[in-house]
Amino acid sequence: MSTPFPFTAVVGMDDLRLGLLLNAVSPAVGGVLVRGEKGTAKSTAVRALAALLPEVPVVTGCRFSCDPAAPDPRCPDGPHGDTPGEARAARMVELPVGASEDRLVGALDIERALSEGVKAFEPGLLADAHRGVLYVDEVNLLHDHLVDLLLDAAAMGASYVEREGVSVRHAARFLLVGTMNPEEGELRPQLLDRFGLTVEVAASREPDQRVEVVRRRLAYDDDPAGFAARWAGEETALRERIAAARALLPTVCLGDTALRQIAATCAAFEVDGMRADIVMARTATALAAWAGRTDVTADDVRQAALLALPHRRRRNPFDAPGLDEEKLDDTLEEFRGDEDPDPDGPEGPDDPDGPGGGGGQPPQGGPETPDTPAQDAPAHDDTPAPQESDAPQEAPPEPAGGQPRAGAGEQSPVRSAEPFRTKVLSVPGLGEGAAGRRSRARTERGRTTGSRRPRGTLTKLHLAATVQAAAPHQRARGRSGPGLVVRGDDLRQATKEGREGNLVLFVVDASGSMAARRRMSAVKGAVLSLLLDAYQRRDKVGLITFRGKDAELALPPTSSVDAAAARLESLPTGGRTPLAAGLLKAHDVLRVERMRDPARRPLLLVVTDGRATGGQDPVALAARAARLHAADGTASVVVDCEAGPVRLGLAGSLAGELAGTAITLDELRADSIAGLVRDVQQRSDGPREGHVTGDPRRAA
């Protein structure tokens, strides 16, 4: 077994280390989600934590790690009676992103259950992690149903496995740690709320600290055992402090003043539900125990709020987690009560054991190692901030020949209008892509539509089909009792139909014909609404813009809808309209994505008024580019942005070349009267083959 990197040798990352240590002191805090850019020691710190946890006594031979002093009366391996116990190290179990449901919760031997009536259960990762650490790297890339199962088990302290009427339950209490890179996609707010604490990490911008990181990493890579030995004293001291804090935790008093501060803080920040209040109370108590105190102070409440509330403040998927610290301080001061506010008192910032004075952090100097500065530099963001302008301005008309007027080739970015709920657009047919919420697909979850012979491990039994396959052979197999004689070739896998996520590729016209500020604001609002819809339906998204002389892949296909929204907000407009270039760029992107992920079906959304300028016969070039998508069978929708009393209908013609559908900005709204009328007409006429299903009208 390889030697882990010492936890006390991690440079900086104060919030990360504190969040992990608080969960080690009190697993009831509910775990920690670590958000940050790649290469910031997220995984290193989590793996190092397991070595600090105290040994756990377990019943000898129990696959579910029951405590000999209080064995689980419902343990599948029980009852244990007077079975002797043994001590072992706390486990660190990793959940791979591609794990199956059976690997997570465990698997039942359906053949033995049907033929012998035996609950033959093979434990999963939840059972392995009981009384230890369950670590999920890239938790935002885990399938939603697995995240739901994981968080349900963490909340209830038990895992339930149900298969065709056969039920198994076992204890599953563990310290849950998830890491994620927000650039690769966000977790849903409902799932974020299930993590007790969230910490943001970023690489330090201080040269001295970065030098120390490199120095320690190189020393560890050269001699892992020797490096760990040099930090053994600090590791032992920290391990003993965790054990002492655990022992002190039951004696910590959460007074009325602290409790009112917690409730007032959650109310002031308009946090949904009561989970935040409970997590803050547990975190503040753990902070007091970690500092060696038996009373919770206002500083404990403040630190608990900074760890427990930022990720619960999101009101929509594009909001960045954060907390207004000035508002937090005002709220705490208002409800301070009779507590001594003297900063130089025994629990002021000068106290090395207080949560504000470094008491929550393990030693940083190490043996013969100079201290390094604290890491608090925010992540660098190269995205330009959008510029606001309330004055409605119309873009100057393009001169003859399609050349932009000098000095007017580019307009500053315009803020998007408020997003709205859009109609559902889906790809026709039946896919087999990743689980999502947009288009019909064969999936592992959903309604049962039939049966087939299993390919590999049986995951979902079709009971009726299995009995039907086994019934004709009962006499030949010598059946003599009430039980059914079932063999492996009788088993049938249930085929299910659910929903898949698609690749939604946006092709947005940012040319001069779209540059009227009110018009572009409405267009951005529509695209933002579609992005929000893609987020909720678990799609991948990409963004192509075209203006001037060429098209640009502003955002390669990704699961991070937030990144697409940020690119959209900073999108400038102006110049000619190279519509053909935008469509050709989309064709190249989709060709590459089909090779990377053939199962994920694309949905092309072209946002334009249909005009094309530049070059010789730009309209014909755009039509030829559109026919390439039609030949590939790409499902397409053209969002018609044309405005004014006189409309040319160019977007409808483009949709015809794409063999897709066209929809106006007004019809895109879910509450659109025009869209409702067209939907009624479509239902009466029946769907037309080859066109995107939903509510948009067919192109003329």
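Trainee: In this predicted model, which residue of β14 is the bridge partner of Ser439?

Mentor: Happy to start there: Ser439 has Glu500 as its bridge partner in β14.

Trainee: What makes β12 and β14 a pair of strands?

Mentor: Two strands pair if there are at least two bridges between them. Strand β14 covers residues 493-500, and six bridges link it to β12 in the antiparallel sense. Six bridges meet the requirement of at least two, so β12 and β14 count as paired.

Trainee: Which strands are the edge strands of this sheet, and what is the strand order?

Mentor: The order is β12-β14-β13 in an open sheet of three strands, with antiparallel pairing. The edge strands are β12 (435-443) and β13 (447-452), since each pairs on one side only. On average, neighbouring strands here are turned by 35 degrees against each other, direction ignored.

Trainee: What does Thr257 count as, buried or exposed or in between?

Mentor: Thr257 sits in helix α11 (residues 256-268). Buried means under 20% and exposed over 50%; Thr257 has 30% relative accessibility, so it counts as partly exposed. Thr257 is also 9.2 Å from Val296, C-alpha to C-alpha, while 39 residues apart from it in sequence.

Trainee: How do you know whether Cys75 and Cys66 form a bond?

Mentor: Check the sulfur atoms. A disulfide needs them within 2.5 Å, and the sulfur of Cys75 is 3.6 Å from its closest cysteine sulfur, in Cys66, so that is too far for a bond. The structure holds zero disulfides.

Trainee: Why are Cys75 and Cys641 called buried?

Mentor: The cut-off for buried is under 20%. Cys75 has 6% relative accessibility, so it counts as buried, and Cys641, at 2%, therefore counts as buried too.

Trainee: One last thing: which residue in the hairpin of β16 and β17 takes a positive phi?

Mentor: Gly548 does, with phi near 70 degrees, in a hairpin that has two residues between the strands. Strands β16 (residues 540-547) and β17 (residues 550-558) pair in the antiparallel sense over six bridges, and Val541 has Thr558 of β17 as its bridge partner.

Methods:
Residues are numbered from 1 along each chain as its sequence is written. This is a predicted model: local features need pLDDT of at least 70, side-chain atom pairs count only at pLDDT 80 or more; totals for chains, interfaces and linings use all residues. Side-chain values use heavy atoms; hydrogens and water are left out. Helices (H or I, at least four residues) and strands (E, at least two) are DSSP runs, numbered from the N terminus. Axes are lines fitted to C-alpha atoms, for helices over the stretch in contact, and angles run from 0 to 180 degrees between N-to-C directions. Buried means under 20% relative accessible area, exposed over 50%, partly exposed in between (1.4 Å probe, protein chains only).
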